[in-house]
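Dear colleague,

I am passing on the structure we talked about, with some notes on what came out of going through it. Please have it open beside this message as you read.

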Amino acid sequence: MQYIDKLTDSSLATSLKEHIQGFIEAQWHEEDKRYVNLSYDALPKQALYEGLTEEQHGFCCYCMRSLTVTEKKNVTLEHVIPHKLPITAMEELARYQAYAPLHKTLVQLTNPKRPITTKITEAPYPHFIAYENLVASCDGKFPNKKSSICCNNKRGDEYVDPLFYIETISEEIIYFSSGTVGSKHDTYKETIDTLGLNDLTLKFIRKIWFGLNNIEDKLHKCIPKFYSDPETNIITYILTSTEDQRGYIADKLAGIGAITDEEKDNLKQTIYWKIAEDFFWFAGVTPVSL
């Protein structure tokens, strides 16, 4: 998992804030001295899909899946403080506000149904459109599942710790060779469970990547072109290989104990390789052995 920096000024952050501020200004109705249709639903979102994805280096804030914002779009906008959090949920709000980007000086829990009659020109901004309260999450949908298995859609409005707002999160979150994700002292177990980050599909995909990291020197036997362009996602190459070549790789992964024999059989189907292709972030992760 990676840290998302919402507190350091950047040209991208400025652009996203200006986009939101422009929307706010456009909704002001001078004659009535109030905002009209100042809502999340009315907010133009494409610039946010693109900008927040870029801010996160192209990865889901939770599961580290590669995000797409146009063709075959899998990105959603996640409200860290839930869009529909009741205005009376002060205890839950305080838990969110303990994280610096969500401090009450930046984000204000606001009833979206109540008219706002004071012009908004600076922070705090209503939580349902505040830049600091919006991140990019994948939709949690996969071709082998009927419904969302993780992340934004899996979470709904449940409380989760915004782990990506912890500067040391890369040291707090632990990826195990079993494919499981955990945290030091199980501090964030409830959040991980609520987000579905240990769904069987996600665990399998991580195991594939951890195994590929260990047999990389053997892959030249069946995918020699990988070595001529090591910057390209290796699974992209695997998907262009023959069934026999994919079988060879699956045998090697099972041979080193990275996956089970049952999982090896699953890799005869390209569907799992295609899912794994989106998780190339894990090519750089060294898991902890159990």
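What covers the buried residues of α2? Keeping in mind that this is a predicted model, the cover includes α1 (11-26), β3 (75-79) and β6 (134-138). Helix α2 itself runs over residues 46-55, and its buried residues are Leu 48, Tyr 49, Gly 51, Leu 52, Thr 53 and Glu 55. After α2 comes His 57, which has a positive phi near 60°.

As for the chain as a whole, it has 11 helices and eight strands, and 49% of its 290 residues count as buried. Of the contacts between residues at least 6 apart in sequence, 68% join residues that are at least 24 apart.

In one of them, Tyr 62 and Phe 164, the ring centres are 5.6 Å apart and the planes stand at 55°, so the pair is tilted. Because Tyr 62 lies in the loop between α2 and β3, while Phe 164 lies in the loop between α4 (151-155) and α5 (169-172), the pair ties together parts that are 102 residues apart in sequence. Tyr 62 and Phe 164 are both buried. Elsewhere, ring pairs link Phe 142, Tyr 175, Phe 210, Phe 279, Trp 281 and Phe 282 into a cluster.

Finally, there are charges over rings to look at: Lys 45 lies over the face of Tyr 40, at 4.4 Å from the ring centre, and Arg 95 lies over the face of Tyr 159, at 3.8 Å from the ring centre.

Technical notes: Residues are numbered from 1 along each chain as its sequence is written. This is a predicted model: local features need pLDDT of at least 70, side-chain atom pairs count only at pLDDT 80 or more; totals for chains, interfaces and linings use all residues. Side-chain values use heavy atoms; hydrogens and water are left out. Helices (H or I, at least four residues) and strands (E, at least two) are DSSP runs, numbered from the N terminus. Buried means under 20% relative accessible area, exposed over 50%, partly exposed in between (1.4 Å probe, protein chains only). Contact means heavy atoms within 4.5 Å. Rings of Phe, Tyr and Trp (its six-membered ring) pair if their centres lie within 6.5 Å; planes under 30 degrees apart count as stacked, over 60 as edge-to-face and the rest as tilted. A charge sits over a ring if NZ of Lys or CZ of Arg is within 6 Å of the ring centre and within 35 degrees of the ring normal.
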